[in-house]
Amino acid sequence: MRKEFNITGLCVPGKHYMVDLGSRLEQMKKMVDQGQYCPGEEHQRNSPWNIAVDLTLDMSFSGNDIAGMLREYETDVHTGMEIDGMAGLLAEETSGYPFLVCRLCRIMDEELPGTEGFPDRHATWSREGFLEAVRILVSEKNTLFDSLNHKLEGYPELERVICRLLFNGERIVYNPDVEEIETAMLFGFVKRDGAAVAIANRIFETRLYDRFLTSSEWKENSMTQASFSDKNGFVVDGHLNMRRILEKFTQHFQELYGEEDERFVEEYGRRFFLLYLRPIINGTGNFYIEAQTRDRKRTDVIVDYHGEQFVIEMKIWHGREYHERGEQQLIGYLQNYRKTTGYLLSFNFNQKKETGVFERVIGEYRIMEAVV
């Protein structure tokens, strides 16, 4: 019997594809032998370990760990995949979270072959197959996502800190003495990112955005309803018309919120765009936020739709010089993604501004800017 990717329990050599964590387990044993742990009250906080917080060995998979597992798989199955590239995609999307890595691999190995567009494993172990596996994963119900939801329901402080990260673009400094940060770290919602904290991985981020954007508080929002009314007009021959989405969003935003003050728009403007975008791509595409650019002034959104990517920069207007720097930063992203067309969504409080969607050519790049 061929080995498989395990997501349900104990991994068995010869039965499951595995990452070699032997060196880390040896390091953990040494820490335990040396008494470098602090059993006690942390047990009461649902710690996943029988020994508590001082035993903080990172058990996530690195890109090299994942590549080693894929090489073993490739020896058995011969898909022709580009191993290092696929390992990089898996590591980038999951930040090495073991369950998520193995679940995506299992989807590409067992569930995608034979479906439309993916006749065999050679087709599934590709960038397109990977993106389809991500779409399936973020849309499914599983024990990990159920656990995340239960934690959010049981700890209201978690929801507050995560919304600050997702929607407000706040840089939250890591401080283990702050209860909501400690709780978010303990349950794996966030990770250390230098001196600050960030959502643990893109899969969690996408799932959390979906949870909050479809909550009872927001699903009846006028912007969400406008999106459901408009959604059939944005796809032509299987391609997403992003310019048209920005045109309609600009129109609705001006009608619904054009008279609101600057504080309101800074707080909710970007959330309203994601509310409008989600029903349009739901079930076929997904989006994620580039963590390196998320702040109160600027947020970069990457949309994947049928394997096609769109780079959108959402920003608060802070003068012409800042605006031009934003254009150059967007061009840098376009170069990384090998695109020549990018999109800007500017929330502009200048009373003399002209709203609408405008095209600007900078060298070989086209920038479609929506101004509200």
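Colleague: Is Glu-93 buried or exposed, and how should I read its relative accessible area?

Modeller: Buried stands for a relative accessible area under 20%, exposed for one over 50%, and partly exposed for the range in between (1.4 Å probe, protein chains only). Glu-93 has a relative accessible area of 7%, and therefore it is classed as buried. The model is predicted, so that local features need pLDDT of at least 70 and side-chain atom pairs count only at pLDDT 80 or more, while totals for chains, interfaces and linings use all residues. Residues are numbered from 1 along each chain as its sequence is written, and side-chain values use heavy atoms, with hydrogens and water left out.

Colleague: Where in the chain is the place of Glu-93, and which residues does Glu-93 touch?

Modeller: Helices (H or I, at least four residues) and strands (E, at least two) are DSSP runs numbered from the N terminus, and Glu-93 belongs to helix H3, which covers residues 83-94. With contact taken as heavy atoms within 4.5 Å, and with residues up to four places away in sequence not counted, Glu-93 touches Phe-130, Val-134, Asn-201, Arg-202 and Ile-203.

Colleague: How many helices and strands are in the protein chain, and what share of its residues is buried?

Modeller: The protein chain holds 15 helices and ten strands, and 51% of its 372 residues are buried. Of the contacts in the protein chain with a separation of 6 or more, 61% are accounted for by residues 24 or more positions apart.

Colleague: Which residues have the most contacts inside the largest nonpolar core?

Modeller: In soluble globular proteins, nonpolar side chains tend to be buried together. A nonpolar core is here a set of buried Ala, Val, Leu, Ile, Met, Phe, Trp, Tyr and Cys residues joined through side-chain atoms within 4.5 Å. The largest core has 98 residues, and those with the most contacts inside it are Leu-70, Phe-189, Leu-240, Phe-273, Phe-287 and Val-303. Helix H14, residues 262-281, gives the largest share of this core, ten residues. Phe-273, leaving aside residues up to four places away in sequence, touches Ile-245, Leu-246, Phe-249, Ile-312, Met-314 and Leu-345. A second, separate core has twelve residues, among them Tyr-333, Leu-344, Tyr-365 and Ile-367.

Colleague: Which residues of H15 are buried, and how far apart are its end C-alpha atoms?

Modeller: The 17 residues of H15 (320-336) should span 24 Å, and the end C-alpha atoms are 25 Å apart, which agrees. Buried in H15 are Tyr-322, His-323, Gly-326, Glu-327, Leu-330, Ile-331, Tyr-333 and Leu-334. Just after H15, Arg-338 takes a positive phi of about 55°.

Colleague: Which residues does Ser-346 touch, and is Ser-346 buried or exposed?

Modeller: Ser-346, placed in strand E8 (residues 341-347), counts as buried because its relative accessibility is 0%. Beyond residues up to four places away in sequence, Ser-346 touches Lys-315, His-323, Glu-369, Ala-370, Val-371 and Val-372. Ser-346 and Met-314 are 32 residues apart in sequence, while their C-alpha atoms are 6.0 Å apart in space.

Colleague: Where does Asp-261 lie, and why does it count as partly exposed?

Modeller: Asp-261 lies in the loop between helix H13 (242-257) and H14, and it counts as partly exposed because its relative accessibility is 47%.

Colleague: Where is the place of Ala-195, and which residues does Ala-195 touch?

Modeller: Ala-195 is in the loop between strand E1 (190-193) and strand E2 (196-199), and at 46% relative accessibility it counts as partly exposed. Not counting residues up to four places away in sequence, Ala-195 touches Arg-171, Val-173 and Tyr-174. The C-alpha atoms of Ala-195 and Ile-172, which are 23 residues apart along the chain, are separated by 8.7 Å.

Notes:
Expected span 1.5 Å × (residues − 1).
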